[in-house]
Amino acid sequence: MKICALLLTAILGISLFAAGKMNISGQKNPEEVVEKEGIYTVAPQSKTRIQLYPRSGYQAIAANQEIEISADVYGSGNIQLGAHLYNDRRTWRGSIAGKMIRVDAEESETVKTVLTVNRENISQILPLISVYSGKVIVENLQVRLNGVLTSANKADAPKPANWHYNHANALKCSMDNGVLNIVTGTGQMTELLGTYHQAKAGDKFRFSGKISGEGKISIGLYLYSSRRVWLGTVWKVITVNKDALLPDLTVDQPKGKEPISFIRPVLRINAKSDISVSGLDAEAVK
């Protein structure tokens, strides 16, 4: 029998928190739920289901996010996997759950449920497991987000042609008919870098394409010497409300540094933003 601490994880298996003690609902007497070293033995003695979910470790999600709830269980009984739903203020807004699962195993096995959170104004979740009957031992409870963007998967993530991810941290990253959609949560940021262009101080560069959605972006130019040593950045922060007007940027020579010989255009999608990008480009204004 494998012994696991209860964890909440992202899709790449990154541990977000050690759940420790769980909240319990539906318990009528102490014998129905026994916890030892993070392992819960659940045996309902009435028709009321017993539900376990973490006391902390809220996971931020994007709209219409697909989530995978899994648990390592054994014993004999009927269970259901799902998630509690919360808004930005962590006010409970209900729950969702998958189909009933029959557990009948002497050794620990992993069971999973895939759900889509498509309710409005839901930004955080907690995984849950409900035990309806029998005696079920819960060794592990996890939630994984499908479509997240991280430094570990950025090389294979969708992106505009001739751009690549410099920083990659988003709840959701998808491409549909040439339109890239990035959703960032609190404390997250995603940055796309374009190709090198020859440039000197005083040159102007014009950004083109369509950027829409809601949130904040930063349009910029990374500045480099003839040896392609980074010298600094020219930035303009834009609040996006439906559609964004893209700016022209002037190459400014940083004081006390080598002359500028190259630039790279950069698009930064800041925290708590839902941004769609298509046809993104930057060219020198002649």
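Analyst: Let us begin with a definition, namely that a residue is called buried when its relative accessible area is under 20%. Please keep in mind throughout that this is a predicted model.

User: How many residues of S6 are buried?

Analyst: S6 is mostly covered, since 5 of its 5 residues are buried.

User: Which way do the residues of S6 point?

Analyst: The general idea is that side chains in a regular strand alternate between the two faces of the sheet. In S6, Ile 50, Leu 52 and Pro 54 point one way, while Gln 51 and Tyr 53 point the other way, and all of them are buried.

User: Which strand does S6 pair with over 3 bridges, and which one is joined to it by 4?

Analyst: Strand S3, which covers residues 22–25, is joined to S6 by 4 bridges, and the two run antiparallel. S6 also pairs in the antiparallel sense with strand S11, residues 124–145, over 3 bridges.

User: Now for the rings: how is a pair of aromatic rings described?

Analyst: One gives the distance of the centres and the angle of the planes. This structure holds 5 aromatic pairs. One of them is formed by Tyr 58 and Tyr 86, which lie 5.0 Å apart centre to centre with 85 degrees between the planes, an edge-to-face arrangement. The pair links distant parts of the chain, 28 residues apart, with Tyr 58 in the loop between strand S6 and strand S7 and Tyr 86 in strand S8.

User: Are Tyr 58 and Tyr 86 buried or partly exposed?

Analyst: Tyr 58 is partly exposed, because its relative accessible area is 26%, whereas Tyr 86 counts as buried because its relative accessibility is 6%. Another edge-to-face pair joins Tyr 222 and Trp 230, at 6.2 Å centre to centre and with 75 degrees between the planes. In this pair Tyr 222 is buried, with a relative accessible area of 9%, and Trp 230 counts as partly exposed at 47%.

User: Which residues do ring pairs link into a cluster, and what lies over the face of Tyr 196?

Analyst: Tyr 196, Tyr 224 and Phe 262 are linked into a cluster by ring pairs. Over the face of Tyr 196 lies Arg 228, at 4.1 Å from the ring centre, and Arg 264 lies over the face of Tyr 196 too, at 4.5 Å from the ring centre.

Conventions. Residues are numbered from 1 along each chain as its sequence is written. This is a predicted model: local features need pLDDT of at least 70, side-chain atom pairs count only at pLDDT 80 or more; totals for chains, interfaces and linings use all residues. Side-chain values use heavy atoms; hydrogens and water are left out. Rings of Phe, Tyr and Trp (its six-membered ring) pair if their centres lie within 6.5 Å; planes under 30 degrees apart count as stacked, over 60 as edge-to-face and the rest as tilted. Buried means under 20% relative accessible area, exposed over 50%, partly exposed in between (1.4 Å probe, protein chains only). A charge sits over a ring if NZ of Lys or CZ of Arg is within 6 Å of the ring centre and within 35 degrees of the ring normal. Two strands pair if DSSP finds at least two bridges between them.
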